[in-house]
Amino acid sequence: MSFPPIRDELRGIEPYGAPQLSLEQAPVQLNVNENPYGPSAAAVADIATAVAHAAMTLNRYPDREFTQLREGLAAYLNTSGGSGITPEMVWAANGSNEVMLQILQAFGGPGRTALSFAPTYSMYPEYARDAMTDWVVGHRAEDFSLDLDAARDLIHQTRPSVVLLPSPNNPTGTALPPEAVSMLCEAAGDGILVVDEAYGEFRRSGTPSALELLPRHRNLVVSRTMSKAFALAGARLGYLAADPAICDAIRVVRLPYHLSAVTQATALAALRHAPELLGRVDDLRAERDQTVAWLREEGLEVADSDANFVLFGRFADRHAVWQGLLGHGVLIRETGPDGWLRVSVGTADEMTAFKNALTDVRDKT
């Protein structure tokens with residue numbers, strides 16, 4: 001056996017991660033869908049006070065059930081598309097990544113299957129792999145929507161334990177209509193259907209949240225994150241809403257005291273400042289819509305987006321375009337189907353820099 005004795009299916013695999021460059025290398029960083037606007041001064045002050053208070057008790061383990069945080073998250077979700085969500089229906093972890101892994105650990109495993117529809121979030125198959133769960137992937141239509149009949153048929157054929165559906169979808173930005181969620185929840189039967197709303201707060205007016213369907217479907221899970229709209233990517237707090245029995249099942253696989261006292265204090269303080277932290281969401285929506293319109297005016301294909309990013313193409317050599325933009329100090333993401341690129345929505349100045357750089361790169365290729 002070669003050293004180290006890593007599992008065979010992990011041997012030679014590169015760890016997940018988008019390129020990380022310094023601001024000196026890429027002053028305009030539009031590649032990982034961060035909120036370009038930091039927390040407000042009032043929120044920063046409240047977080048600092050809350051963390052300082054938590055620091056006085058760091059000799060003790062934190063509340064492993066994070067009771068206050070669950071109460072705060074439930075209250076927030078009831079203002080953001082949900083109603084009647086109670087703390088017992090909420091679970092949280094270190095980013096939505098850990099939430100998803102815990103779901104696969106609880107409901108996946110050897111002899112079980114997880115399913116999604118490509119293009120989809122590239123970490124999903126890794127969660128399945130890490131939880132020793134078989135991975136099946138269907139495919140979206142040419143416009144990145146779901147063919148519901150085909151999706152239902154694939155669910156019936158494979159009988160997955162977990163179906164993962166990002167909405168808005170990453171990397172395309174495409175949102176699922178509620179009737180699609182309902183149909184697929186029913187098709188999943190005893191399986192869990194996860195609607196990953198990491199970018200849910202950026203959805204366009206009239207696009208509902210799957211949270212409103214929770215009373216109708218006991219097997220529905222709706223996940224969110226504080227990384228994007230709340231501008232707290234560095235805090236690492238993801239969460240979900242679901243039937244209390246689902247949350248109790250996840251408690252079985254969570255690591256002891258998995259949410260630190262500092263994380264809990266930070267998230268609770270941020271929730272106290274939700275209106276101001278979310279105040280830039282409308283600005284980012286407007287900037288996104290302007291970017292979509294501009295790219296289409298430039299003759300490019302663009303996926304409809306309900307997120308804080310835009311997928312656009314098609315390029316004969318997308319890497320050359322990506323590299324050309326980086327040469328102008330603009331870092332975007334080389335992801336999604338062949339020929340497509342994804343740009344996160346930044347400030348007005350950052351988007352101007354992106355447009356100028358893209359115009360110059362296209363003129364020279």
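Predicted model: local features only at pLDDT ≥ 70, side-chain atom pairs only at ≥ 80, totals over all residues.
View 1. Helix α8 covers residues 261-272. Its twelve residues should span 16 Å at 1.5 Å a residue, and the end C-alpha atoms are 17 Å apart, which agrees. Ten of the twelve residues of α8 are buried, so the helix is largely enclosed by the rest of the structure. A residue counts as buried when its relative accessible area is under 20%. The buried residues of α8 are Ala261, Thr263, Gln264, Ala265, Thr266, Ala267, Leu268, Ala269, Ala270 and Leu271. They pack against α1 (41-55), α2 (67-77) and α9 (274-277).

**View 2. The packing of helices α2 and α8.** Two packed helices are described by the angle between their axes and the distance between the axes. For α2 and α8 the angle is about 30 degrees, and the axes are 10 Å apart. Angles under 35 degrees count as roughly parallel, and α2 and α8 are therefore roughly parallel to each other. Their crossing is left-handed. On the α2 side, the contact is made by Gln68, Leu69, Gly72, Leu73 and Tyr76. On the α8 side, Gln264, Ala267, Leu268 and Leu271 take part. An α-helix has 3.6 residues a turn, so residues three or four places apart point the same way. By class, the contact of α2 with α8 has six nonpolar residues, three polar residues and no charged ones.

**View 3. The packing of helices α11 and α12.** Helix α11 (residues 318-327) and helix α12 (residues 348-363) pack at an angle of about 125 degrees. Their axes are 9 Å apart. The helices α11 and α12 are therefore oblique to each other. The crossing of α11 and α12 is right-handed. Helix α11 contributes Val321, Gly324 and Leu325 to the contact, while α12 contributes Phe354, Ala357, Leu358 and Val361. Sorted by class, the contact of α11 with α12 has six nonpolar residues, one polar residue and no charged residues.

**View 4. Ser223 and the residues around it.** Ser223 is found in strand β7, which runs over residues 220-225. Is Ser223 buried or exposed? Its relative accessibility is 0%, so Ser223 counts as buried. Leaving aside residues up to four places away in sequence, Ser223 touches Met100, Val194, Val195, Asp196, Glu197, Ala198, Tyr239 and Leu240.

Key: Residues numbered from 1 in each chain as written. Heavy atoms only, no water. Axes fitted to C-alpha atoms, helices over the stretch in contact; angles between N-to-C directions. Helix = DSSP H or I, 4+ residues; strand = E, 2+ residues; numbered from the N terminus. Parallel < 35°, antiparallel > 145°, perpendicular 65-115°, else oblique. Left-handed = near helix turned anticlockwise from the far one by under 90°. Contact = heavy atoms within 4.5 Å. Nonpolar A, V, L, I, M, F, W, Y, C, P; charged D, E, K, R; others polar. Buried < 20%, exposed > 50% of the residue type's maximum accessible area, 1.4 Å probe, protein only. Expected span 1.5 Å × (residues − 1).
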